[in-house]
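Let's walk through a few packing questions on this one. Have a look at the structure first.

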Amino acid sequence: MRASLTNTQAGANRRRALLLAALLVAAFTVLVALLDAGSAPAATPREELQETRGQLEGVRGKTSELAATIAEQNSAIDTMIGEVSSLRREQAAVQEQLLAAEAKLAAATKALEKERAHLEVVRERLERALGVLRERLVSMYEAGSPDAINAILESQSWSQMEAQAEYLNRIQSYDDSVVERVKTLRDEVTAAVGRLADARAKIEAARDSVASIEREVAATAAAAEARFAELRSAQASRREAMDALESQGEALSSNLASISNQIASETGTTGVPTAEVPAPLNPGESAQVINESEASAPAAAPQAVKDAISAANSIATTPYIWGGGHGSFESSGYDCSGAVSFALHGGGFLESPLDSTGLETWGEAGAGKWITVYANAEHAWMVIAGVAFDTVGGPGPRWHDPWVDSPEGVIVRHPAGY
């Protein structure tokens, strides 16, 4: 995987540079359009209104192009989040392998020390046995080996002969036992030396394994850090484009308000502000939280909303994992935006995951009747059929009713028609 990332890094950098250039060009075009909208003279108020409306539509078109470019960058960033998350999990796995290898090295070292101590004991016993054997050989050389036939012939009585024979048997048994003891200890020393060699070989193998894994840990950590730095750079570039888009949006809103005021003065109508909180649902339209890992969908809800609730239920027992649910919807755990993306995908509202910043431009502005997403650069959560689905206050994505998150300080979006 690291090789793949290295091979594609240059291409990815070029693509991000092109995306940023496209964002800046689009932003500049929108700005020029805004300036033109405020500087073009008109003959009459009616003509000025029509001209401003036309220019406003043009600016909206350019803003849509900018939003489309940001959406493309969202996809690239989501892929990077998934890669960084995967690299971090790989780093954790390799770290566990390193700990296991170090444990094996410690066990092999302990076994080696034990075998060395045992070998010293056996060698001391062998030296003592050899000393006894040498003494017996010297004694036999000096006095000669006992002769059973001479002992019998020299015996004065039967009892003396039996005593001499018993004495000779004891001497022979003692000599045999000394020789056997020496042989046994010699074999034991040989076996201990063999085990010592095996222990040393295991230590060398364990050391090599530890060194290899340490290099792998370092390489994985470096790859993760490099990819994370790229991710932060891409997110910063996108944030600049988002800020430009929001600034232009404010200018557009100001122009729109001015136009609306002119229209209202002519027609007597007024605009309706965008809501941040979903309107109260009718009886039978609210979901019910059975527990934090399961919610029941209302019978009156559209099928897409039921599917979104079902998808959220399927991951409501998973743990929180940074980057989980990005790069791929399938994951062993999810972060806040990954969980929101998974539920939206389950309802057919999203084709690929988005991070929290990406969700700021998803869908349409304001709260929806059935589904509302709250997002900013740091966090994202959602409300489905009146109940909250988020990663706050628990070990991962869970259901909450009442809500534990606040709709303050976030961008409010919803899927069209829901």
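Q: How many bridges join strand E3 and strand E8?
A: This is a predicted model, where local features need pLDDT of at least 70, side-chain atom pairs count only at pLDDT 80 or more, and totals for chains, interfaces and linings use all residues. Residues are numbered from 1 along each chain as its sequence is written, and side-chain values use heavy atoms, with hydrogens and water left out. Strands (E, at least two residues) and helices (H or I, at least four) are DSSP runs numbered from the N terminus, and strands pair if DSSP finds at least two bridges between them. E3 (residues 364–365) and E8 (residues 411–414) run antiparallel, and their bridges number two.

Q: Which residue in E8 stands opposite Ala-375?
A: E4 pairs with E8 in the antiparallel sense, over three bridges. Opposite Ala-375 you'll find Ile-411.

Q: Which strands do the buried residues of H5 pack against?
A: Buried means under 20% relative accessible area with a 1.4 Å probe, protein chains only; in H5 that includes Ala-304, Val-305 and Ile-309. Packing here goes by contact, meaning heavy atoms within 4.5 Å. Besides helix H6 (336–346), the partners are strands E2, E4, E5, E6 and E7.

Q: Why are H5 and H6 oblique to each other?
A: Axes are lines fitted to C-alpha atoms over the stretch in contact, with angles from 0 to 180 degrees between N-to-C directions. Oblique covers what is left after under 35 degrees (roughly parallel), over 145 (roughly antiparallel) and 65 to 115 (roughly perpendicular). The H5 and H6 axes come within 7 Å and cross at roughly 140 degrees, so the pair counts as oblique.

Terms used:
Buried < 20%, exposed > 50% of the residue type's maximum accessible area, 1.4 Å probe, protein only.
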